[in-house]
Amino acid sequence: MRFKGDVATHVRIGADSRPAVFITDSKGSDVMIHNHKSALLATVACAALGLAACGQSETPAENAAAPAETEATSTKPAGAAKPAATAPVDGPKSNRFWWPESVDLGPLRENAMASAPYDKDFDYAAAFASLDLDAVKQDIETVMTTSVDWWPADFGHYGPFFIRMAWHSAGTYRTVDGRGGGDGGQIRFEPLNSWPDNANLDKARRLLWPVKQKYGNKISWADLMILTGNVALESMGFETFGFAGGREDDWRAEIVDWGPESEMLGRNRHGGNNGPLEKPFGASQMGLIYVNPEGPAGNPDPLAAAERIRETFGRMAMNDEETVALIAGGHTFGKAHGARNPADCVGPEPAAEAVEEQGIGWNNACGSGVGGDTITSGLEGAWTSNPAQWTHQFLGNLYAFEWKQTRSPAGAIQWIPTDEAAASLVPDAHDPEKRHAPIMLTTDLALKEDPKYREITQRWLENPEEFEDAFARAWFKLTHRDMGPRARYVGTEAPTEELLWQDPVPAADHPLINDADIAALKSQILSSGASVSDLVRTAWGAAASYRDTDMRGGANGARIRLAPQKDWSVNDPAALAQTLEALEAIQADFNAEQANGKQVSLADLIVLGGAAAIEKAAADAGHTVSVPFTPGRGDATAEQTDAASFSVLEPAADGFRNYIGDGAAGSPSALLVDRADMLTLTVAEMTALVGGMRALGANAGGVAHGVFTDNPGTLDNDFFVNLLDMSTTWSPTGDGVYEGRDRTNGDLKWTATEADLVFGSNAELRAVAEYYAYDESDGAFVNDFVAAWTKVMNLDRS
C-alpha cells in the first residue's frame, strides 16, 4: 500500500489485542493498514511450490489463485493470500530502510558469518557416513505407519504426506540461477515455511522430529526430509533409483528473490500477466512450487495449463518426459484436502501465529480440525482407489473415464468421471463406511489433452515398466539436482550410474604432476606468448563459472574449451581460443614426453596458467608470492556436457571482468554483489579480487574501465590508490561509463563503470578500499588477492 504526503508508520496493539500497523497521516489521524501478525514480518518475495497440483479458484480482482494441495505434491491453506509484510519503523532501521537504492552487501556478510551451533571442525559427510542407514530407514518406516491422534494419517499411512514434504523441500530449485532446492533444508525457515503451498507441512516435520532427535547431527534435516520421501515410496511398493546424502543444514533463512509480487499467490511475473515467465523465477505464482492446478489464473483449460506446466517445469530442470513422470507418479499417492471453505476455518500460517502455537500454523477450527476435517488447499479427493500403494491407476483412470468439471466442498474447481459407476471407487481416508469418486485436476487433464504429453502418457499406459523407470529417475533428479556433481554424494545408496545432468568429469587415473613438473610448466606457460591478462582471464572464466547455489560450473572439466562456454561473449571467444591453443600445445608436449603414465589435464593447466601469471605480476610489483595449486582436475568431453543445461550458467554480468551483457537486469554494483555471492565471497574478498583483476588488466574485451594504473599486468594496489585520489573528479558520459578527469586542468585520466566507483561511493566498501590503499598495505593486498583467487579456483573441489 502506498500513501502520499507526510506520513509516519508505527506499530501498536489493536482492538483485537493483536499487533497492528498504523499510519499517521498528515492530519494526525491513525489509519490501521494491517492487523495480521504477518504484517510485522519482513517477508520479501517468495517463489513457488506446487506441482501440477496446487490451486483454489482465483479472485480476478486480486489476480491471485490459491494453490491446490495433494499429499504427494502441493498444498495451500486458506487465508494465505494476504498482503506482504509491512516493515515496522519502530526500533532500529537498516540503512536500506532510508536509502533503498544503495547496494546491498548483506549476502556477502552472510558468507562471512557462521551460524551453525556445532564445532567449526565438524565433518558432516563423515558423520553421515557413520550412520547405519538401514536402521534410520526402519525408524522412519515406524513413524510412517504409526498414526497419531493430533494429526491422523490418511489411509493409515503417512507416506503420501512425506512424499509431499520431500518434494516441496527440493521443488523450489530453479535452473536460471541455481537457487532453491533441498540443500540446506530451507523449508524449515520463512518464507518457505509459511508459503501457501506448504500448508500443514509443519506437521510433517513434527512427526519426523523423534527420528531427527535420535540421530542428531549425523543426519541433517535436509537429508532426512529427502530420505523420508524415498522411504515413503519404498514403503508403498515403489523401487527408487537411489539416495545420496551430503546436504548440510542451513541455520538461518536464505535471502532469495522469489518474485516481484507484494502478496502471496500474486502472479505479476508473466509480463502483463499473460506473457512468458520472467527470469529468474521458476514457479507461476508467489508462494507456489510450480503452477495453479485449476489452470492459469484459475482458468480450467487443460491446454493452457499444459503451457504453464511446460514452462515452469522446464525452469526446474525437467523435460517433457520427466515432467509427466513426476505428475503422474506423484498423483498416484495420497489425496487433496478441502473438507470446507478454508476461509471459514483455517488460521494464519506459522510465521503469523501466536507464540503459544510453537511454530504450528494453519490451525483448523472446523470439526475435529484433522482427519476427515483436514483443510489444506480447498481441493478434495484422491486419484486412485489405493492411495497408499504404488499402482498404475492414475494413468489408467485418466484414460478410462471422461471427466466433467465440478467443485470441491470448498468451491475449488476439479474434475470427476462422467460415469456414475465410478462414484464409489475410492475409499475414504478415515471412514470405512464412505466411498468417493476419483478426481483429476485441470493440470492432470493436461497430460491427456496436450499432444506431446498425450503421446508420452499413452506410451506409458501400454508400457508401465517404462513409466516406473522414468518416475524413479525423475524423482531422483528432482531431489538431487541441486547437489552438484556425484563426487559430493555420500552414502551407500547413491546410484553408480553416471547421469548427464550430474555434469560428470573423468577422475584422474594416472600419476599427477609434482612440484618440479609444476615449476617447469609455469615457465613454459609464461614463455608461450600468452600475456598475463590472457592467462588470468582464461583461468577466471573457467573457475568463476561456478555457482554455489547448485554447485555447478568451475574449472574442473575444462568446459571453457567446449560449447557453450567457449562462445560466451564474456569469455572473449577469439582471445580465449588463442590462449587455449597455447595451453593445449604445452599439454600435448608434456604428456607425450612422460614415460611413467604421468599426465596433466588442460583443466589443471588453465588454473596453473593463472597462478603463473599472478606470481609474475606480483614479482613485477616487487612482491614474492606463491599461488597455491593442487593438481587432479579432469577434462570433460563434449559427450559428457549437456550444452543446453550449461547455457544457464552464462553470466549476464561479471563485475570482476567489468562486463555487462545485453539484457542484464539490475545495477552493475548489485550484479557484482550477486556474482560474488554465488562465489561465496566476503566483502573483503570481493574488494581484493576486483582491485587485483583491474591491476592485471583482466577486463572482458580488454577495456580500460577501472584499470587505474600506468602498469597494467602488474599486481599492486594502484586501483585503490587512484580511485581514492581526490585530484580526480568523476562524471557520467552515458552508456554506464564515467570519466575521471584531473581536478586542476580537466585532462582525462581514467574511465570507469559503476562496478569500479562503488568501491569509493559505498561507505562499507570504501572502508575496505581505504585499507588496501594504505602505503603499508600493498603487500597485504597482494596476499589477500592471492587467497581470494585460490578460493575461487578451488570452489568446485571443496
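The model is a predicted one. Its protein chain has an average pLDDT of 90, and 88% of the residues score at least 70. Over residues 1–68, however, the pLDDT is below 50, although this stretch makes 244 contacts in the model beyond near neighbours in sequence. A pLDDT below 50 also holds over residues 73–87, where the model has 76 contacts beyond near neighbours in sequence. Where pLDDT is low, the predicted coordinates should not be read in detail. The contacts of residues 1–68 and of residues 73–87 therefore call for that caution.

Attention may now turn to the pairing of two strands. Strand β10, residues 403–407, and strand β11 run antiparallel and are joined by 5 bridges. Within this pairing, tryptophan 403 stands opposite proline 417 of β11. Strand β11 spans residues 413–417 and is mostly covered, since 4 of its 5 residues are buried. Between the two strands of this hairpin lie 5 residues, and glycine 411 adopts a positive phi near 95° there.

As a background, most residues other than glycine have a negative phi, and most peptide bonds are trans. Alanine 297 is placed in the loop between β7 (288–289) and α8 (302–315). How accessible is alanine 297? Its relative accessible area is 26%, so alanine 297 counts as partly exposed.

Aspartate 735 is another residue that is not a glycine and yet has a positive phi, here of about 60°. With a relative accessible area of 82%, aspartate 735 is exposed.

The peptide bonds supply the remaining features. Proline 191 is found in the loop between α5 (159–170) and α6 (201–215). A cis peptide bond also leads from alanine 563 to proline 564, with omega near 5°. Proline 564 lies in a loop as well, the one between α16 (532–543) and α17 (573–593).

Conventions:
Residues are numbered from 1 along each chain as its sequence is written. This is a predicted model: local features need pLDDT of at least 70, side-chain atom pairs count only at pLDDT 80 or more; totals for chains, interfaces and linings use all residues. Side-chain values use heavy atoms; hydrogens and water are left out. Buried means under 20% relative accessible area, exposed over 50%, partly exposed in between (1.4 Å probe, protein chains only). Two strands pair if DSSP finds at least two bridges between them. pLDDT is the predictor's confidence in each residue, from 0 to 100. Contact means heavy atoms within 4.5 Å.
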